[in-house]
Amino acid sequence: MGFLGPHGTYYRDSPRPSELYVDSLAGDDVNAGTAAAPFRTLARATQALSSGTNVHLARGSRFREELTGWPVGVRVRAYGSGPLPIVDGRDVADGFTKTV
């Protein structure tokens, strides 16, 4: 099965969108952005994004960042258990440390 792309180009197989995982509580920006090793910040995820990427935000996470530079076609979803993640660009944190 294929699809017709821009300018009438036919593609035999559509590429599977990449998957990125972000967890503001348990992630680390040196990680690979996988379910087992999520990023910590949206800024780091932005560096790895491409059109068609599925970005999974961990439930219970709070991101004090702005979403800028994201390409068209990015899908954002929640994963895990707990309250929905919060993205709050009004109260942007310049730098912060995680406390336990």
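Trainee: Which side chain does the side chain of H56 make a polar contact with?
Mentor: In this predicted model, the partner is the side chain of E19, at 2.5 Å.
Trainee: Where does H56 lie?
Mentor: H56 belongs to strand β4, which covers residues 54–58.
Trainee: Is H56 buried or exposed?
Mentor: H56 is buried, because its relative accessibility is 9% and the cut-off for buried is under 20%.
Trainee: Which residues is H56 in contact with, leaving aside neighbours within four places in sequence?
Mentor: The contacts of H56 are E19, L20, Y21, V22, R77 and Y79.
Trainee: And how far apart are H56 and V76 in space?
Mentor: Their C-alpha atoms are 5.9 Å apart, although 20 residues separate H56 and V76 in sequence.
Trainee: A change of topic: how many aromatic pairs are there?
Mentor: The count is one aromatic pair. The pair consists of Y21 and Y79, whose ring centres are 5.0 Å apart. Their planes stand at 85 degrees, so the pair is edge-to-face.
Trainee: Which strands do Y21 and Y79 come from?
Mentor: Y21 is in strand β3 (residues 19–22) and Y79 is in strand β6 (residues 75–79). The two are 58 residues apart, and the pair thus links distant parts of the chain.
Trainee: Why does Y21 count as buried?
Mentor: The relative accessible area of Y21 is 17%, so Y21 is buried; the limit is under 20%. Y79, at 22% relative accessibility, counts as partly exposed.

Key: Residues are numbered from 1 along each chain as its sequence is written. This is a predicted model: local features need pLDDT of at least 70, side-chain atom pairs count only at pLDDT 80 or more; totals for chains, interfaces and linings use all residues. Side-chain values use heavy atoms; hydrogens and water are left out. Helices (H or I, at least four residues) and strands (E, at least two) are DSSP runs, numbered from the N terminus. Buried means under 20% relative accessible area, exposed over 50%, partly exposed in between (1.4 Å probe, protein chains only). Contact means heavy atoms within 4.5 Å. A polar contact is a pair of N or O atoms within 3.5 Å; within protein, one must be able to donate a hydrogen and the other to accept it, and residues adjacent in sequence count only if both atoms are side-chain atoms. Rings of Phe, Tyr and Trp (its six-membered ring) pair if their centres lie within 6.5 Å; planes under 30 degrees apart count as stacked, over 60 as edge-to-face and the rest as tilted.
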